[in-house]
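Work through the exercises below with the model open. Try each task before reading its solution.

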Amino acid sequence: MISEKSVKIAAKKCGADLVGIASAERFKDYPGDKRPENLLPGAKSVIVVGVRVLPDTIKPNLLLSALHHITLNMYHNQIAYDIGRLLDDQGYSAVVIPHRIGNFDPELRKSGDYMNIYPKLFGISTRHAAVEAGLGIFGKSRLLITPRFGPRQRVAAVITNAELKPDRKITEKEAQELCPPSCQACIRTCPGKALSNEGIAWEKCNEVIKPQNSMYGYSSCSQCMIVCPTGRKI
Ligand code: B12
Ligand code: SF4
Ligand code: SF4
């Protein structure tokens with residue numbers, strides 16, 4: 001029987017900065033199409049792996065930023081694949097949720113319903129899975145905020161029928177420290193005015209990053225990642 005410890009050691013050996021485990025049970029109140037069983041009948045656990053964003057690399061210009069995000073997507077996709085392979089070797093099923101490294105059909109991107117169509121393609125939200133796996137919380141930016149890196153990580157996931165001990169979730173008190181009620185940095189800085197205390201207007205964010213996808217091959221804007229004070233090195 002595979003243990004959570006061996007999964008975590010393997011993920012770290014492959015280069016993961018973050019690894020957490022959620023039980024599939026934690027997704028029971030999610031919309032039907034966002035539950036792990038939707039992709040893997042009999043799913044028991046979701047393993048989430050994360051790699052850090054280097055803030056100094058995404059700052060200088062939009063091309064460097066886009067290329068950095070692509071690099072990290074390739075990297076976490078590979079780590080997730082290796083975990084999938086480890087599970088497969090031991091007779092378990094695994095569905096790997098990677099992230100895209102290239103652009104989608106430009107015609108699809110122009111669709112007025114793109115903000116609904118695009119997330120559905122991935123099955124589950126890896127950011128939600130990371131919160132369920134105790135890696136962090138949702139900040140006012142709607143990004144995953146972790147104690148070590150703030151919002152500066154990208155994440156992939158593996159759904160499996162292996163029963164692994166889930167990690168504890170972040171408490172309410174810890175959440176207040178990660179995204180203090182008084183902080184407004186991401187809201188003030190967002191060039192698309194997409195963020196507010198009420199949440200995010202996805203279409204406004206997409207208006208900012210859509211042209212960058214065509215120009216640089218990937219979403220470049222990372223202002224909500226750059227300005228967040230949480231997880232900064234002292
Ligand atoms: C689609 C998408 C986008 C779309 C957003 C559209 C949308 N509706 O989500 C666009 C193009 C705008 C976008 C922008 C960005 N993205 Co993006 N994106 C994704 C993607 C592929 C899917 C997210 C998703 O499933 N959204 C749909 C739902 C879940 O979103 P929601 O509004 O939060 O949920 C609602 C409902 O579905 C429902 N719901 C969902 N779950 C639950 C649970 C319960 C219990 C209930 C009751 C309801 C409910 O209620 C919610 C509120 O209405 C993920 C990767 C992945 N596979 O998950 C990356 C991802 C979220 N993106 C990421 C990043 C970094 C970015 C950008 C910075 C761009 C960039 N440079 O890469 C910006 C940041 C915007 C921001 N501030 O969040 C990272 C985030 C990392 C982190 N630290 O959090 C991810 C995880 C990709 C990765 N490889 O790491 N993104
Ligand atoms: S990625 Fe840019 S446009 Fe989108 S929410 Fe973050 S700061 Fe705003
Ligand atoms: S910038 Fe401030 S408000 Fe925004 S997510 Fe980070 S801590 Fe929260």
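## Exercise 1: Polar contacts of ligand 1

Arg127 has a polar side-chain atom 3.5 Å from an oxygen atom of ligand 1. The model is predicted.

**Task.** Find how far polar side-chain atoms of Arg142 and Trp202 lie from an oxygen atom of ligand 1, and name the elements that give two or more residues to its shell.

**Solution.** 

Step 1. Take Arg142. A polar atom of its side chain lies 2.7 Å from a ligand 1 oxygen.

Step 2. Take Trp202. Here the distance from a polar side-chain atom to an oxygen of ligand 1 is 3.0 Å.

Step 3. Apply the cut-off. A polar contact is a pair of N or O atoms within 3.5 Å. Arg127 sits at 3.5 Å.

Step 4. List the elements. Two or more shell residues come from each of α3 (62-89), α5 (114-120), α6 (126-132), β6 (153-160), α9 (202-216) and α10 (223-226). With four residues, α9 gives the most.

## Exercise 2: Two shells

**Task.** State how many residues surround ligand 1 and how many surround ligand 3.

**Solution.** 

Step 1. Count around ligand 1. There are 36 residues, and the closest are Thr126, Ser141, Arg142, Leu144 and Val155.

Step 2. Count around ligand 3. The shell has 13 residues. Lys140, Cys179, Cys183, Cys186 and Cys228 are the closest.

Step 3. Sort the ligand 3 shell.

Step 4. Ligand 3 sits in the largest cavity.

## Exercise 3: The aromatic cluster

**Task.** The structure holds three aromatic pairs. Classify the pair Tyr114 and Tyr118, then the pair Tyr118 and Phe122.

**Solution.** 

Step 1. A ring pair is described by the distance between centres and the angle between planes.

Step 2. Tyr114 and Tyr118 are four residues apart in helix α5, so about one helical turn separates them.

Step 3. Take Tyr118 and Phe122. The centres are 5.5 Å apart and the planes stand at 70 degrees, so this pair is edge-to-face.

Step 4. Join the pairs. Tyr114, Tyr118 and Phe122 are linked by ring pairs into a cluster.

Step 5. Check burial. The cut-off for buried is under 20% relative accessible area. Tyr114 is at 2%, so it is buried. Tyr118 is buried at 15%, and Phe122 is buried at 19%.

## Exercise 4: Two residues, two separations

**Task.** Is Pro181 buried or exposed? Is Arg188 buried or exposed? Then give the C-alpha separation of Pro181 and His76 and that of Arg188 and Cys224.

**Solution.** 

Step 1. Judge its exposure. Exposed means over 50%. Pro181 has 56% relative accessibility, so it is exposed.

Step 2. Turn to Arg188. This residue belongs to helix α8. Its relative accessible area is 66%, so Arg188 is exposed.

Step 3. Read the separations. Pro181 and His76 are 105 residues apart along the chain, and their C-alpha atoms are 31 Å apart. Arg188 and Cys224 are 36 residues apart along the chain, with C-alpha atoms separated by 9.4 Å.

Key: Residues numbered from 1 in each chain as written. Chains lettered and ligands numbered in written order. Predicted model: local features only at pLDDT ≥ 70, side-chain atom pairs only at ≥ 80, totals over all residues. Heavy atoms only, no water. Near = heavy atom within 4 Å. Polar contact = N/O pair within 3.5 Å; in protein donor to acceptor, adjacent residues only side chain to side chain. 1 Å grid on protein atoms, 1.4 Å probe; cavity = no way out; pocket = protein on both sides within 12 Å on 5 of 7 lines; lining within 4 Å. Sits in = over half its atoms within 2 Å of the grid points. Phe/Tyr/Trp six-rings, centres within 6.5 Å; stacked < 30°, edge-to-face > 60°. Buried < 20%, exposed > 50% of the residue type's maximum accessible area, 1.4 Å probe, protein only.
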